[in-house]
Amino acid sequence: MELSSPVSIINGLGPTRVKILNERGIFTYSDMLYYFPRKHLDRTSVNSINKLVKGELVTIIASIETFGEKPIKRGKIFQVIVSDGTGLVTLSWFNGGKYIKKMIKIGQKLVIFGKVEWFNGFVITHPEIEIIDDSVSSGGIIPIYPLTKEMASVGLEQRRLRKTIQFIFDSHISISDFFSELILKKYKLIPLDKALRLIHCSKNNNELKSAIRRLKFDEHFFLQLLVALKKYNIQKVGTKALLYIGPYFKIISESLSFELTKAQKKVIQEIHDDLKISRPMNRLIQGDVGCGKTIVAILVSSLAVGNNRQVAVMAPTEILARQHYSSFKNEFDKVNITCCLLVGKMKKTERVSILKGIKRGTISVVVGTHALIQEDIEFKTLGLAIIDEQHRFGVNQRLKLQEKGDNPHLMSMTATPIPRTLSITYHGDMDLSIIDELPKNRIPVTTKVVDQIKIEKVYDFIKTKIALGRQAIIVYPLVK
């Protein structure tokens, strides 16, 4: 058998079950083998009922002794009593536990996970359970697969999935490796066929860890390969190089009421070096709130306009777009660069006028929200696209903005801290610039933890500051 063999030829899978698997994206033996367990239960870490402690999260393997419903004031409670030979535990579900009733029967063995409580005996309320049988290797690692209601309704539960996986391995499936023996030895990896077997059928934690390590290596390797290919394709595409500093950059930078930090100057230089090359820039600017990303965006935009190119600045919310527009316009008015705001809620006449200006090129910089990627927006010479809080936009949204021009340079900004390793993997197709220095004129942030009994003093403090014309923001969690 081959990895491309269809699951429809597996014993025990009729047309209905095959259809449900297909809906989950499982069509072949390969798809089935890559349907990894969502977790593994180590039988060596199972708790005995006679050693349970109130308040602990535990894993128990026990058999069903009896079950039934118990009326309460607001409905019913469904209870299952289980035993592992050392004691009894009651499992409880409110509202009748309808889906549980259909799954269980007396004598079945369950894997139970939940928090132990005490009400005239040990009780676990709304535990997570899995039905197992003696076909699961004793003393080993039990794979627990992700299930849907549709799968359970046609008998595609844990035991069936385990038997299906075992059927594939018993059919002497041929699994070729991606890597040579040299690579496996260099990175201390087990072969792929062994990793796939052990992820489903490990006898101990060491086997499972070696399987997970190999499969994670594959995942990251192919992610990096995809990212490298994306970066290669970006670099192959030509675009207009923005060679000149132009007349605006110097005037704006010298008129600032503060001095740029070394980090800001370094990042601007990195961006300008990119713009001077005849391939689209694809750079992510990362920095904490208050580090001065906006003025960097303004100065870089002035470089683009100085090369007779338009700039589009897209923000995720109208509030942020208006803030950016105010900052951009304040600086661009000094050098007569035309700048406009384009958001969803605008008068039709105003919007039409802006669209004409963008199309004719009389508007050099447009700041807006998703409104910038609507079909009726046409730029004459879009040369630079700037996306703020870029992680809040989808890939297609960013692509639509870039498609408004002829392979424009792309600059993304984020205040979300991204560890170096994550930035390499997730943003590997982008060059990374970090503004790791706050401007000298920034007031240090003071953080204090106030006890609930002193909350009235906090409110008095807020009232005092508001009376002086200051502002306060109170943020409440949606879920307590």
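Helix 9 passes helix 11 in a right-handed crossing, where right-handed means that the near helix is turned clockwise from the far one by less than a right angle, and left-handed that it is turned anticlockwise. The model is predicted, so local features need pLDDT of at least 70 and side-chain atom pairs count only at pLDDT 80 or more, while totals for chains, interfaces and linings use all residues. Residues are numbered from 1 along each chain as its sequence is written, and side-chain values use heavy atoms, with hydrogens and water left out. Helices (H or I, at least four residues) and strands (E, at least two) are DSSP runs, numbered from the N terminus.

**Helix 9 with helix 11**

- Helix 9 covers residues 248-255, and its axis packs 8 Å from that of helix 11 at an angle of about 155°. Axes are lines fitted to C-alpha atoms, for helices over the stretch in contact, and angles run from 0 to 180 degrees between N-to-C directions.
- That angle makes helix 9 roughly antiparallel to helix 11, because angles over 145 degrees count as roughly antiparallel, under 35 as roughly parallel, 65 to 115 as roughly perpendicular and the rest as oblique.
- Helix 9 contributes Tyr248, Phe249, Ile252 and Ser253 to the contact, and helix 11 contributes Leu299, Ser302, Leu303, Val305 and Gly306. Contact means heavy atoms within 4.5 Å.
- By class, the residues of this contact are six nonpolar, three polar and no charged. Ala, Val, Leu, Ile, Met, Phe, Trp, Tyr, Cys and Pro count as nonpolar, Asp, Glu, Lys and Arg as charged, and the others, Gly among them, as polar.

**Helix 10 with helix 11**

- Helix 10 (residues 262-275) and helix 11 have axes that come within 10 Å and cross at roughly 30°.
- Helix 10 is therefore roughly parallel to helix 11.
- The crossing of helix 10 and helix 11 is right-handed.
- On the helix 10 side, the contact is made by Gln264, Val267, Ile268, Ile271, His272 and Leu275, and on the helix 11 side by Ile295, Val296, Leu299, Val300 and Leu303.
- The contact of helix 10 with helix 11 has nine nonpolar, two polar and no charged residues.

**Helix 11 with helix 12**

- The axes of helix 11 (residues 293-306) and helix 12 (residues 318-332) cross at roughly 50° and come within 10 Å.
- Helix 11 is therefore oblique to helix 12.
- The crossing of helix 11 and helix 12 is right-handed.
- In helix 11, Thr294, Ile295, Ala297, Ile298, Ser301 and Ser302 meet His324, Ser327, Phe328, Glu331 and Phe332 of helix 12.
- Five nonpolar, five polar and one charged residue make up the contact of helix 11 with helix 12.

- Glu331 is in helix 12. Glu331 is buried, with a relative accessible area of 10%; buried means under 20% relative accessible area, exposed over 50% and partly exposed in between, with a 1.4 Å probe and protein chains only.
- Not counting residues up to four places away in sequence, Glu331 touches Ile252, Ser255, Leu256, Ile295 and Ile298.
- The side chains of Glu331 and Lys334 are joined by a polar contact of 2.7 Å. A polar contact is a pair of N or O atoms within 3.5 Å; within protein, one must be able to donate a hydrogen and the other to accept it, and residues adjacent in sequence count only if both atoms are side-chain atoms.
- Thr261 lies in the loop between helix 9 and helix 10, and Thr261 is buried at a relative accessible area of 6%.
- Apart from neighbours within four places in sequence, Thr261 is in contact with Glu437, Leu438 and Pro439.

**Positive phi in loops**

- Most residues other than glycine have a negative phi.
- Lys188, which is not a glycine, has a positive phi of about 55°. Lys188 is in the loop between helix 6 (181-186) and helix 7 (192-200), and counts as exposed at 72% relative accessibility.
- Asn407 has a positive phi near 50°. Asn407 is in the loop between helix 14 (395-402) and strand 14 (409-414), and counts as partly exposed at 32% relative accessibility.

- Lys203 is in the loop between helix 7 and helix 8 (205-236), and is exposed at 63% relative accessibility. Lys203 and Ile141 are 62 residues apart in sequence and 5.6 Å apart in space, C-alpha to C-alpha.
- Asn308 lies in the loop between helix 11 and strand 10 (310-314), and is exposed at 63% relative accessibility. From Asn308 to Gly361 the separation is 53 residues in sequence and 9.4 Å in space, C-alpha to C-alpha.
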